[in-house]
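Subject: Structure for you to look at

Hello,

Please find the structure below, with notes on what was found in it.

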Amino acid sequence: MSTGWLEGYVALVTGGGTGIGRAVAERFVAEGASVAVVGRQRHVLDTMISEQAQPERWLAIEADVRDTDAMQAAVETTVDRFGKLDTLVPNAGVWDFHRQFTKLSGKEIGDAFDELFAINVKGYLLAVEAAWRDLVRNNGSIVMTLSNASFYVNGGGVVYTAAKHACLGLMRELAYELAPHVRVNAVAPGGMNTDLRGPESIGLSDRSIATSFAKRDPQQGMPIPLHHSSVDPRDFTGPYVLLASREQSGTITGETISADGGIGVRGFDSPAGGDHLLGLVTC
Ligand SMILES: NC(=O)c1ccc[n+]([C@@H]2O[C@H](COP(=O)([O-])OP(=O)(O)OC[C@H]3O[C@@H](n4cnc5c(N)ncnc54)[C@H](O)[C@@H]3O)[C@@H](O)[C@H]2O)c1
């Protein structure tokens with residue numbers, strides 16, 4: 001169901017060819033926006049756009065988010081094509097597959113840190129650096145993809161958890177520094193069944209988080225209050241629309257909406273306190 005909350009908006013989504021980035025881009029278009037998607041592989045972006053009903057509202061930009069010049073060019077190309085930029089979604093990232101600190105050598109920690117922080121943290125900062133002037137011109141906003149790992153342990157290993165905590169700091173500092181002209185907020189999803197990969201430098205670039213979901217028993221659910229909530233990235237896009245919309249969230253900046261099934265209210269005895277409630281009510 002679309003609301004039209006983003007009618008006439010122009011957005012740029014990094015890592016927009018797959019996963020939650022693609023889902024957000026598709027949802028933004030459904031809400032009335034035009035969207036530029038940045039990704040490393042041109043053919044992935046082109047194939048995705050060829051599947052869209054309104055390809056004229058899409059723009060594919062091949063760029064590595066670690067490359068300052070490429071990110072400047074990505075914003076310029078977006079503004080040339082669509083005339084402005086209203087919303088930036090820094091989202092491209094990799095995961096460390098819960099690699100525990102004690103199982104990594106010193107060299108692996110160094111390599112994983114350099115690669116993962118360059119993509120997940122510096123990549124966010126460079127996207128903002130390229131976009132802030134156009135966002136200031138348009139009273140725009142930034143909606144970052146954070147993670148449950150921005151708040152809690154064991155959503156990754158030390159490197160990913162540290163990087164996602166760093167992005168929380170980035171989001172909050174930028175919300176201060178870009179106010180009053182640009183609102184800066186974030187969505188922190190929990191587990192999603194996407195193609196999330198790992199750092200190439202420690203041999204994890206061919207591994208996908210999707211294999212972990214494939215091994216999971218869907219009947220069992222997850223150890224969180226909403227233990228049977230969706231892991232389809234399309235079901236995480238609503239908060240992005242809300243936070244991108246000036247009309248709907250014009251008073252919100254420096255905030256994160258967690259879309260993680262309630263990790264922060266997980267119980268000690270059982271993840272959800274109301275599992276028995278259906279038995280107490282007549283349907
Ligand atoms: N999948 C999950 O369970 C989960 C949970 C919480 C947060 N996240 C976050 O969601 C974001 C998107 O991940 P996803 O799960 O959709 O996985 P995904 O792999 O489908 O999406 C990540 C995208 O980033 C792109 N990318 C990676 N490195 C890049 C680079 N150097 N330059 C340009 N593009 C690059 C990838 O090609 C891919 O398209 C990430 O920031 C991730 O940390 C994912």
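Arg172 sits in helix α5 (residues 158-178); helices (H or I, at least four residues) and strands (E, at least two) are DSSP runs, numbered from the N terminus. The model is predicted, so local features need pLDDT of at least 70 and side-chain atom pairs count only at pLDDT 80 or more, while totals for chains, interfaces and linings use all residues. Residues are numbered from 1 along each chain as its sequence is written, and side-chain values use heavy atoms, with hydrogens and water left out.

Arg172 is exposed, with a relative accessible area of 55% (buried is under 20%, exposed over 50%, partly exposed in between, with a 1.4 Å probe and protein chains only). Arg172 and Thr253 are 81 residues apart in sequence, and 8.3 Å apart in space from C-alpha to C-alpha.

Next, the strands. Strand β3 (residues 58-62) is largely enclosed by the rest of the structure, because four of its five residues are buried. Strand β2 (residues 34-39) pairs with β3 in the parallel sense over five bridges (pairing takes at least two DSSP bridges). Val38 stands opposite Ile61 in β3. Between β2 and β3 the chain passes through helix α2 (residues 42-50), a right-handed β-α-β crossover (clockwise from the first strand over the helix to the second, with the strands pointing away from the viewer).

Which residues line the second largest pocket? They are Phe213, Arg216, Asp217, Pro218, Gly221, Met222, His227, His228, Ser229 and Val231.

Regards

Methods: On a 1 Å grid over the protein atoms alone, a cavity is a set of points where a 1.4 Å probe fits but cannot get out, and a pocket is an open set with protein on both sides within 12 Å along at least five of seven lines; lining residues have an atom within 4 Å of a point.
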